[in-house]
Amino acid sequence: RVSVFSSHPDELQVQPDSFLLVAGALTELMLSFRPLVPGRLDVLINVVDTDTSELAGLPCYKKISYTNQYSTPRSFYLRSTHPWLLAFQPERLDIAENATARVGLSFEVADRQVTKFANYMEVLVFINDEEDKNEECFRIRVHFS
């Protein structure tokens, strides 16, 4: 059994906050983000084994939504600064006008030696259009346990 904790519980709520983590199974969490003030905010989510009080390890899978805000259908390509750490499924999103699509994020360290030299890594996610022009960029801070 694991519990989930947010570094900013007033702004980011996680449901369920406790569940059984089954190997090889998909567990989905609902994240509700309600900022209290404008500006940048780094939020850390920890998944903790309730028996050992240790952080649950990699790999980690998440899903996010991305919206095409244009009035025409568009294709978007996802890339990261650390492809050995973060993979996308699918890597290309074909989204109808003003529609939303979901993309899977898969975090997995192929070489565990990396975690000996750093507690975390910052990964930039680039969402580019069909002409490879950048539409958006997100920063994800991946903490190793």
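1. Let's start with strands S7 and S9: they run antiparallel and are joined by four bridges. Strands here are DSSP runs of E with at least two residues, numbered from the N terminus (helices are runs of H or I, at least four residues). Two strands count as paired if DSSP finds at least two bridges between them.

2. Before going on, note that this is a predicted model: local features need pLDDT of at least 70, side-chain atom pairs count only at pLDDT 80 or more, and totals for chains, interfaces and linings use all residues. Residues are numbered from 1 along each chain as its sequence is written, and side-chain values use heavy atoms, with hydrogens and water left out.

3. S7 and S9 belong to an open sheet of four strands, ordered S9-S7-S11-S12, with antiparallel pairing. S9 (92-95) and S12 (134-143) are its edge strands, each pairing on one side only.

4. Have a look at Arg 74. Its bridge partner in S9 is Ile 95. The charged end of Arg 74 also sits over the ring of Tyr 70, 3.7 Å from the ring centre; the criterion is NZ of Lys or CZ of Arg within 6 Å of the centre and within 35 degrees of the ring normal.

5. Searching the whole structure turns up one aromatic pair. Tyr 66 lies in S6 (residues 60-67) and Phe 76 in S7 (residues 74-80), 10 residues apart. For pairing, ring centres of Phe, Tyr or Trp (its six-membered ring) must lie within 6.5 Å; planes under 30 degrees apart are stacked, over 60 edge-to-face, the rest tilted.
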